[in-house]
Amino acid sequence: MRDSYSSLLCLDEDVGDEDAFISFKSSAPSDIEDDEYVQMLVDREMSFGFKTDHSFLILNRDKIARLDAVAWILRTRDVFGFRFQTAYLCVAYLDRFLSRRAIDSEKTWAIRLLSVACLSLAVKMDECRAPALSEFAVEGYNFESKVIQRMELLVLNTLEWRMNSITPFAFFHYFIAKFCNQSPPPNVVSRTVQLTMAIMREINLMDHRPSVIAAAAVLVALDQRLTRNELESKMNAIFSCRFLQAEDVFSCYRVAQELDKEKCALSINPSTTQLRPAVDVYDNSSVTSAVSTKRKRLTFYDCDPNNEKRPR
């Protein structure tokens, strides 16, 4: 988890301006606190089939490849000034894609190409301006625009063109209003964003619904010392939270709680922070796909390094 803790420290300055998040342009309308509207959001998120797949075990090297991809996404978000929910949407695309197609984690360039395609699609969905594909800087690689476009099309087809995913950001104001008996603390939104982004790095986003992640992040931002019974009591006191399972929220709450504790420890002793060094791999590769028996597997074949990179 240490990379996630470190990212929390790096996010402190980035999300320090709470006003920017209070007024961010999310998909939610002005009546965000309306229970019927939130129920509609929940119905939409449920349609994406969030469910932990215990039959598919993620190997450690796959987790490392995913962490590297998320780290690149967050760095690129910072470079272009994209919103945090755009980065979250991108990682949601990434996890949804990988739940349907497998990529060899040893092909780090393949994961990076997928990351570029997912970020480009998320930006087109969520930002006012989408940079040209050539503007996305990828360390050690020079992907042609048409190669990225081909990967974009593969992502779109794999996700069945269902790109308007719900994110936790749509629920922040609702849960803050519901869980705060008094006026919310001045930094609750920025802390909620920090925790959500750290949770995003740590878990597969297909395992937990966005509403669950949002509720857990808000609860930790308000009180990081809740027991399971206390958390369940808070949820039971709000009839409109009937769409949430206390077990799911508490599971996410524990992850966010540990992240928050470690963040505090690193703040006291920054010398304990250890970042994984970047790995530069120079592969000139082309893109193709193949289908296996149960899960579709995306296969990438290397071509002559002296040849121009072209999709087959």
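Biologist: How do the axes of H8 and H10 cross, and within what distance do they come?

Modeller: This is a predicted model. In it, the axes of H8 and H10 come within 9 Å and cross at roughly 45 degrees. That angle makes H8 oblique to H10.

Biologist: Is the crossing of H8 and H10 right-handed or left-handed?

Modeller: H8 and H10 form a right-handed crossing.

Biologist: Which residues meet there?

Modeller: From H8, the residues are Phe 172, Phe 175, Ile 176 and Phe 179. They meet Ser 211, Ala 214, Ala 215, Val 218, Leu 219 and Leu 222 of H10. By class, the H8 contact with H10 comprises 9 nonpolar residues, 1 polar residue and no charged ones.

Biologist: Which residues of H8 are buried?

Modeller: H8 covers residues 172-179, and its buried residues are Phe 172, Tyr 174, Phe 175, Ile 176 and Phe 179.

Biologist: And which helices do those buried residues pack against?

Modeller: They pack against H3 (35-46), H9 (188-202), H10 (210-222) and H11 (228-236).

Biologist: Let us take H9, then. How many of its residues are buried?

Modeller: Of the 15 residues of H9, 14 are buried, so this helix is largely enclosed by the rest of the structure.

Biologist: What length does H9 reach from its first C-alpha to its last?

Modeller: H9 reaches 21 Å between those two atoms, which is close to the 21 Å expected at 1.5 Å a residue.

Biologist: What about H5 and H9: at what angle do their axes cross?

Modeller: The axes of H5, residues 84-98, and H9 cross at roughly 20 degrees and come within 11 Å. The two helices are therefore roughly parallel to each other. H5 passes H9 in a left-handed crossing.

Biologist: Which side chains are involved, and of what class?

Modeller: On the H5 side, Phe 84, Ala 87, Tyr 88 and Val 91 take part, and they meet Val 193, Thr 196, Met 197 and Met 200 of H9. By class, the H5 contact with H9 has 7 nonpolar residues, 1 polar residue and no charged residues.

Biologist: Why would the residues on one helix be spaced three or four places apart when they point the same way?

Modeller: An α-helix has 3.6 residues a turn, so residues three or four places apart point the same way.

Biologist: How do H5 and H6 lie relative to each other, and is the crossing left-handed or right-handed?

Modeller: The axes of H5 and H6, the latter being residues 108-126, come within 8 Å and cross at roughly 130 degrees. H5 and H6 are therefore oblique to each other. Their crossing is right-handed.

Biologist: Which residues make that contact?

Modeller: H5 contributes Gln 85, Thr 86, Leu 89, Cys 90, Tyr 93, Leu 94, Phe 97 and Leu 98. H6 contributes Leu 114, Ser 115, Cys 118, Leu 119, Leu 121, Ala 122, Val 123, Met 125 and Asp 126. The residues of the H5 contact with H6 divide into 13 nonpolar, 3 polar and 1 charged.

Biologist: Changing topic: where is Thr 158, and is it buried or exposed?

Modeller: Thr 158 lies in H7, and it is buried, with a relative accessible area of 9%.

Biologist: Which residues is Thr 158 in contact with, leaving aside neighbours within four places in sequence?

Modeller: Thr 158 is in contact with Phe 97, Arg 100 and Arg 101.

Biologist: And Leu 153?

Modeller: Leu 153 is also placed in H7, which covers residues 145-158. At 43% relative accessibility, Leu 153 counts as partly exposed. Leu 153 and Ala 117 are 36 residues apart in sequence, yet 8.7 Å apart in space from C-alpha to C-alpha.

Biologist: Is Trp 161 buried or exposed?

Modeller: Trp 161 is exposed, with a relative accessible area of 54%.

Biologist: Finally, how many helices and strands does the chain have?

Modeller: The chain has 12 helices and 5 strands. Of its 312 residues, 49% count as buried. Among contacts in the chain with a separation of 6 or more, 81% are between residues 24 or more positions apart.

Note on methods: Residues are numbered from 1 along each chain as its sequence is written. This is a predicted model: local features need pLDDT of at least 70, side-chain atom pairs count only at pLDDT 80 or more; totals for chains, interfaces and linings use all residues. Side-chain values use heavy atoms; hydrogens and water are left out. Buried means under 20% relative accessible area, exposed over 50%, partly exposed in between (1.4 Å probe, protein chains only). Helices (H or I, at least four residues) and strands (E, at least two) are DSSP runs, numbered from the N terminus. Contact means heavy atoms within 4.5 Å. Axes are lines fitted to C-alpha atoms, for helices over the stretch in contact, and angles run from 0 to 180 degrees between N-to-C directions. Angles under 35 degrees count as roughly parallel, over 145 as roughly antiparallel, 65 to 115 as roughly perpendicular and the rest as oblique. A crossing is left-handed if the near helix is turned anticlockwise from the far one by less than a right angle, and right-handed if clockwise. Ala, Val, Leu, Ile, Met, Phe, Trp, Tyr, Cys and Pro count as nonpolar, Asp, Glu, Lys and Arg as charged, and the others, Gly among them, as polar. The expected span of a helix is 1.5 Å times one less than its number of residues.
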